[in-house]
Amino acid sequence: MMTFKAVTFQDSLFKHCYFEDVTTLNTYFRNCTFIETFFFNSDLEPYKYPGSEFVNCTFFHNKTGCQISFDDDYSAYWIYFVNFLGTLAVLPGNIVSALLMDRIGRLTMLGGSMILSGISCFFLWFGTSGAMMIGMLCLYNGLTISAWNSLDVITVELYPTDRRATGFGFLNALCKAAAVLGNLIFGSFVIIAKSIPILLASTVLVCGGLVGLRLPDTRNQVLM
């Protein structure tokens with residue numbers, strides 16, 4: 001049995017090869033050529049071959065299922081610890097948004113939070129260590145929660161009472177659909193280059209913040 005971990009084959013030629021009982025984790029064959037190669041009982045899915053070419057190749061009895069490895073270098077403790085830090089970073093953002101929501105206004109908080117979140121997301125591109133990436137994750141979570149809180153308030157206040165529940169539910173449904181679509185789009189872009197989803201996410205956040213500033217101001221509006 002052979003196991004690959006985070007291996008990338010670039011512009012390689014595989015001729016008359018036999019892949020049997022191979023397990024891969026974050027392994028890709030980019031722009032490779034396979035000639036008369038046989039794959040048996042391996043988990044090499046099509047998305048692992050971006051830009052590759054196959055000539056007279058055979059795939060038989062491919063493995064399926066989750067490919068997450070919990071070996072010594074992939075401790076479950078760090079998964080929960082990083083998730084805990086990301087959740088804890090939301091607390092200051094909630095406190096700030098609760099104290100300043102009425103003082104600076106919903107639109108200012110929404111636009112400012114989204115623009116700052118986009119800037120922090122852009123700096124993920126320059127992350128060079130695990131600690132730096134975790135710090136940027138906490139910063140992003142702390143900034144973006146204010147935008148979500150402002151959006152919830154604005155959404156409720158923009159609709160009249162007889163349409164408020166319907167409008168709020170419809171927008172939540174759109175958010176869920178957009179989240180699924182975003183995961184699919186970003187997942188396809190990660191295979192090409194990791195910089196593309198980072199730039200796309202930061203651009204969408206900044207543009208969304210600028211558009212949010214154009215919404216009607218509901219700070220002093222009497223709800224009907």
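Why is the sulfur of Cys138 too far from the closest cysteine sulfur for a bond? The sulfur of Cys138 is 14 Å from that of Cys121, the closest cysteine sulfur, and this is too far for a bond.

## Basis of the model

This is a predicted model, in which local features need pLDDT of at least 70 and side-chain atom pairs count only at pLDDT 80 or more, while totals for chains, interfaces and linings use all residues. Residues are numbered from 1 along each chain as its sequence is written, and side-chain values use heavy atoms, with hydrogens and water left out.

## Domains

An automatic or database domain assignment divides the chain into domain 1 (2-60) and domain 2 (73-214). Their C-alpha centres lie 37 Å apart.

## Cysteines

The structure holds zero disulfides, a disulfide being a pair of cysteine sulfur atoms within 2.5 Å. Cys57 is in no disulfide, and the nearest cysteine sulfur, that of Cys17, is 9.2 Å away.

## Nonpolar cores

A nonpolar core is a set of buried Ala, Val, Leu, Ile, Met, Phe, Trp, Tyr and Cys residues joined through side-chain atoms within 4.5 Å; buried means under 20% relative accessible area, exposed over 50%, and partly exposed in between (1.4 Å probe, protein chains only). The largest such core has nine residues, including Phe14, Phe19, Phe34 and Tyr49. Apart from it lies another core, of eight residues, among them Leu110, Met114, Cys121 and Leu205.
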